[in-house]
Amino acid sequence: MMKRKQHFWLLVAIFVVNLWVARPGMGLVVSEVMYHPAGAGETLEFIELYNDRAVIEDMTNCAFTNGIEYIFEPGTKIGPKSYLVVARDPAALQEAYGISGVRGPYTGRLSNDGERIELSNGGGGIVLSFRYDDERPWPLSPDGAGHSLILARLGGDPDEA
Ligand SMILES: [Ca+2]
Ligand SMILES: [Ca+2]
């Protein structure tokens, strides 16, 4: 049976860990990555950002600077609790999924072997850093089988499989 005081410190520890995870971003997380779509050409590669805050996130001057390269157009915004998809071929992705508002194209590829993705702000500071992998304990189904990689838990460590 845990004593009350130990309980308290456990809660404090959980709180601190969550804060640490939330700190690097602007309330942004990578919520989904399609790094190895099925089929030739990999035209349906995409990365999805999610704004977990209750305020609009202005992406002006933000850019993917590692893994892929893409500079967000001035005035690009992500609404509260909303998603934004950046694709290698926005038109192809919109067609395939019947969605709209997809940004891109980005240059480079999302590595099929896993790599680190970094999002920087206008000052060059890294606001989001995330690494995925195609080997266990990461799920294997996103690696060419037509599935995407999805963030399992908000507030969880995105570097963790
Ligand atoms: Ca790829
Ligand atoms: Ca890459």
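**Reading one predicted chain**

Of the chain's 161 residues, 27% count as buried (20 or more other C-beta atoms within 10 Å of the residue's own; exposed is 12 or fewer, partly exposed in between; C-beta atoms are placed from the backbone).

Reader: What ground rules apply to the model and its numbering?
Author: This is a predicted model: local features need pLDDT of at least 70, side-chain atom pairs count only at pLDDT 80 or more, and totals for chains, interfaces and linings use all residues. Residues are numbered from 1 along each chain as its sequence is written, while chains are lettered from A and ligands numbered from 1 in the order in which they are written.

Reader: How many helices and strands does the chain have?
Author: Helices (H or I, at least four residues) and strands (E, at least two) are DSSP runs, numbered from the N terminus. Here there are 2 helices and 10 strands. Their sequence pattern is α-β-β-β-β-β-β-β-α-β-β-β.

Reader: Which strands form the open sheet?
Author: Strands pair if DSSP finds at least two bridges between them. The open sheet has 4 strands, ordered E5-E4-E8-E9, with antiparallel pairing. Its edges are E5 (70-71) and E9 (126-131), each pairing on one side only. E8 (residues 116-120) and E9 share 5 bridges. Ser120 has Ile126 of E9 as its bridge partner.

Reader: Why does Glu115 count as partly exposed?
Author: Because Glu115 has 19 C-beta neighbours inside 10 Å. Glu115 sits in the loop between helix H2 (90-97) and E8.

Reader: Which residues does Glu115 touch?
Author: Contact puts two C-beta atoms, placed from the backbone, within 7 Å. Leaving out residues up to four places away in sequence, Glu115 touches Gly67 and Arg131.
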